[in-house]
Amino acid sequence: MKYGHFDDENREYVITNPKTPYPWINYLGNEDFFSLTSNTGGGYTFYKDAKFRRLTRYRYNNVPVDNGGKYFYIKDGDTVWSPSWKPAQTDLDSYECRHGMSYTKFKGAKNGIVTEVLQFIPLGFWGEIQQVTVKNTSSETKKIKLFSFIEWCLWNAEDDMTNYQRNLNTGEVEVEDSVLYHKTEFKERRNHYAFYSVNQDIDGFDTDRESFMGMYNGFDAPEAVVNGQPTNSFAHGWSPVASHYIEVELQPGEEKQFVFMLGYVEVEEDNKWESKAVINKKPAKEMIAKYDSVEKVQVAFDELKEYWDQLLGKIQVDSGDDKLDRMVNIWNQYQCMVTFNMSRSASFFESGIGRGMGFRDSNQDLIGFVHQIPERARERIIDIASTQFEDGSCYHQYQPLTKKGNAAVGGDFNDDPLWLILSTTEYIKETGDFSLLDELVPFDNDISKAKPHFDHLTASFYHVVNNLGPHNLPLIGRADWNDCLNLNCFSNDPNESFQTTGNKKDGKAESLMIAGLFVLYGKEYVNLCLQIGKQEEAHKAQGHIDQMIAAVKEHGWDGDWYLRAYDYYGNKLGSQENEEGKIFIESQGWCSMAEIGMEEGMVEKSLNAVKEHLDCEYGIVLNSPAFSKYYIEYGEISTYPAGYKENGGIFCHNNPWIMIGETILGRGDQAYEYYTKIAPSFLEDISELHKVEPYVYCQMIAGKEAVKPGEAKNSWLSGTASWNFYTITQYILGVKPSYEGLLINPCIPQAWDGFKIKRIFRGVTYHIEVQNPAHVSKGVKEMFVNGKKIAGNIVPVLSKDKAHSVLVVLG
Ligand code: BGC
Ligand code: NOJ
């Protein structure tokens with residue numbers, strides 16, 4: 001069953017039934033100021049950091065889900081309704097929610113009134129615009145009452161939802177003209193306030209929640225709205241809110257438009273006050289003036305569209321399959337921008353208070369984003385590397401507001417350092433900008449410890465070399481990428497976190513996933529050394545890689561697949577010998593991508609084993625059989641019921657590792673089949689089962705051993721976005737940036753006749769056509785650039801003054 005449809009031309013998903021199986025959301029904002037918005041108007045807004053600087057309140061874990069948002073109520077006679085259906089939940093004559101590129105549009109109709117709400121955040125602006133259009137489509141004059149409503153969050157979202165003994169006393173507001181200001185804590189340690197405005201005179205307002213709602217009403221029927229009369233309340237403590245009230249008279253066919261703005265202001269310490277206890281409103285007024293008419297809003301909205309045209313225009317495929325094209329051209333790229341911005345902080349599954357920017361997460365997010373805005377990727381790489389220690393280890397997370405490593409979360413996830421080699425080399429291949437390597441980057445956020453960025457990569461590489469275990473395989477530390485495989489943790493206290501609790505200090509557990517990661521990114525490191533003339537270092541590093549390859553072959557192979565790990569006791573995990581957890585996806589993916597034992601047939605055997613033991617109707621599960629009881633020596637992985645999350649769930653992030661492995665073997669049909677199993681647009685028809693948005697990837701789909709296989713959770717903020725984009729564009733469609741130019745090496749289903757792809761690379765436009773007359777999966781037979789045959793399959797970096805055509809013939 002579907003709840004809407006794709007509108008590819010407008011790059012929108014159009015939801016036509018508000019009762020989606022779960023809230024289907026979108027993100028507004030691209031740099032500093034963000035909002036989450038659901039298909040029924042739920043969500044919240046924050047500046048930079050969803051924990052420390054939250055503007056509006058949102059209630060996670062509520063019944064029903066999705067409570068709190070940017071709400072509008074229309075009172076038309078006795079009927080109260082909302083254009084986004086919620087909060088009023090009155091049946092509408094028609095409803096539509098269009099989630100687009102950084103904007104959302106609602107259109108609701110009831111009893112001859114059509115109301116449209118357009119929400120977006122103009123580029124470079126710290127405010128959200130809500131443009132409301134009300135139109136009378138009836139033949140009579142209509143007098144309606146329009147109420148806006150938001151609830152302020154008292155800035156620190158965690159404190160806001162826990163510390164009521166204080167918070168119910170601190171709330172402060174001001175009201176001037178049509179602008180409702182929120183200034184809680186402004187007089188002491190804050191230099192910021194928020195405001196909610198509308199570009200016309202109002203007929204009333206409320207700023208105190210209970211005065212507006214009534215003590216016993218819900219969001220669906222606030223007392224002021226039901227009464228058709230605001231109370232002009234001023235909040236003093238309790239819960240400050242902001243609601244405008246406007247009486248609107250519309251002749252038949254007439255429409256009126258209002259521009260609401262939810263803004264955030266920072267002021268200089270010595271310029272905070274207009275007069276005693278009256279905040280300096282000048283900056284807010286300037287912001288309001290910037291978009292005080294629909295014409296000005298239109299210009300900003302056009303700019304946003306232009307921005308996305310340009311970003312998405314860098315990679316555009318024409319494969320003949322709409323489902324694939326809309327993933328590559330629109331939604332997957334869009335999601336990569338969102339994960340780049342949010343890391344794992346704020347979604348409808350991540351509360352915005354738990355997690356900052358992850359070291360491994362943010363490095364991986366970059367591989368799907370770097371082509372869009374390389375300058376921002378560069379800055380991010382430096383921020384991340386700054387949280388590394390001199391021995392190569394690093395903080396697992398940092399807070400975006402401070403850019404400092406998060407000591408409470410700590411480190412010792414031994415895969416973390418290697419991802420820095422991935423992000424850095426991908427950045428240089430995309431841009432050709434080797435100067436990043438010379439940039440002085442602090443260790444441990446201490447500028448006195450700054451070294452050239454290249455030294456951070458060296459530290460990453462040798463962190464593995466210096467932390468080998470009894471089988472000469474990498475020590476896992478607290479955990480590797482699978483941070484639920486806690487092999488040195490041994491936790492039996494339900495109140496401690498597997499992620500942060502102390503580990504056994506002599507922990508000798510080893511990871512085959514890190515081994516594969518090390519071999520693959522070690523080779524990248526060597527390659528980079530050669531690019532910059534560090535032959536000796538390349539040679540030395542290669543020696544360590546060769547030893548690792550030997551160790552994997554000797555101690556990491558189980559006969560038909562790669563082992564997953566050696567546990568604390570030195571016992572195998574991911575082996576035929578195990579009763580449960582006989583085979584794991586991560587080591588198959590990484591050792592295959594690293595081509596360890598390729599000549600001996602290990603890669604092929606491993607991927608065949610994945611097909612046989614891990615593949616199912618909805619994707620590839622993480623491990624099999626899933627654990628059915630708690631193993632204290634394995635940790636969090638065995639806490640999840642079988643088939644969910646890291647315990648036998650389809651953890652979508654790692655499926656592309658297998659797809660890439662398949663492309664290395666040249667098995668294009670298999671790679672693409674895996675791709676289509678988890679790509680959201682291919683799952684639209686089973687939305688009822690899948691539950692989450694059909695336009696973005698989710699972290700986890702319940703696996704074959706789950707009670708409800710195919711049901712998904714945790715959409716949006718997942719490394720799944722970047723890995724799938726990377727895989728489809730660079731390994732399946734096979735257009736891969738390299739130091740020398742664009743490497744073309746597709747691996748596609750044999751049935752395909754070919755495809756076309758436009759790629760802007762280092763500022764140069766290439767129109768690439770791949771032809772597949774012999775119906776093979778892989779192998780470039782010949783290549784022509786601007787009609788001339790070239791040797792090999794790398795398109796060199798050509799001149800910017802014109803677009804170039806590339807013809808690729810497979811065979
Ligand atoms: C989840 C992991 C996640 C980790 C982060 C665990 O509970 O299962 O997917 O990476 O928490 O803290
Ligand atoms: C989600 C986390 O964000 C990521 O860091 C981790 O690698 C995966 N879960 C797998 O456990």
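The views below show a predicted model, in which local features need pLDDT of at least 70 and side-chain atom pairs count only at pLDDT 80 or more, while totals for chains, interfaces and linings use all residues. Residues are numbered from 1 along each chain as its sequence is written, chains are lettered from A and ligands numbered from 1 in the order in which they are written, and side-chain values use heavy atoms, with hydrogens and water left out.

View 1. Asn 39 counts as buried because its relative accessibility is 1%; buried means under 20% relative accessible area, exposed over 50%, and partly exposed in between (1.4 Å probe, protein chains only). The side chain of Asn 39 reaches the backbone oxygen of Pro 18 at 3.1 Å, and also makes a polar contact of 3.2 Å with the side chain of Thr 20. A polar contact is a pair of N or O atoms within 3.5 Å; within protein, one must be able to donate a hydrogen and the other to accept it, and residues adjacent in sequence count only if both atoms are side-chain atoms.

**View 2. Ligand 1 and the residues around it.** The shell consists of Arg 355, Asp 483, Cys 484, Gln 499, Glu 636, Tyr 640, Lys 645, Glu 646, Phe 651 and Gln 699, a residue being near a molecule or strand if one of its heavy atoms lies within 4 Å of it. By class, three of these residues are nonpolar, two polar and five charged (Ala, Val, Leu, Ile, Met, Phe, Trp, Tyr, Cys and Pro count as nonpolar, Asp, Glu, Lys and Arg as charged, and the others, Gly among them, as polar). Oxygen atoms of ligand 1 lie 2.5 Å from a polar side-chain atom of Glu 636, 2.9 Å from one of Asp 483 and 3.1 Å from one of Lys 645. Taken alone, ligand 1 exposes 310 Å², of which the protein buries 79%; these accessible areas come from the Shrake-Rupley method with a 1.4 Å probe, and for residues only the protein chains shown count as cover.

**View 3. Ligand 2 in the largest pocket.** Ligand 2 is surrounded by Arg 344, Arg 355, Arg 360, Asp 361, Trp 481, Asn 482, Asp 483, Glu 646, Phe 651 and Gln 699, a shell that divides into two nonpolar, two polar and six charged residues. A polar side-chain atom of Arg 360 lies 2.8 Å from an oxygen atom of ligand 2, a backbone N or O atom of Trp 481 lies 2.4 Å from an oxygen atom of the ligand, and an N or O atom in the side chain of Asp 483 is 3.0 Å from an oxygen atom of ligand 2. Taken alone, ligand 2 exposes 300 Å², and the protein buries 95% of that.

View 4. Most residues other than glycine have a negative phi, and most peptide bonds are trans.

**View 5. Positive phi at Gln 89 and Ser 343.** Gln 89, a residue other than glycine, has a positive phi near 60 degrees and is placed in the loop between strand E8 (79-81) and strand E9 (94-100); Gln 89 is partly exposed, since its relative accessible area is 37%. Ser 343, which is not a glycine either, has a positive phi of about 50 degrees and lies in the loop between helix H7 (322-342) and strand E23 (357-358); Ser 343 counts as buried, at 0% relative accessibility.

**View 6. Asn 363 in helix H8.** Asn 363 lies in helix H8 (residues 359-366) and is buried, with a relative accessible area of 0%. The side chains of Asn 363 and Ser 423 are joined by a polar contact of 2.7 Å.

Technical notes:
1 Å grid on protein atoms, 1.4 Å probe; cavity = no way out; pocket = protein on both sides within 12 Å on 5 of 7 lines; lining within 4 Å. Sits in = over half its atoms within 2 Å of the grid points. Helix = DSSP H or I, 4+ residues; strand = E, 2+ residues; numbered from the N terminus.
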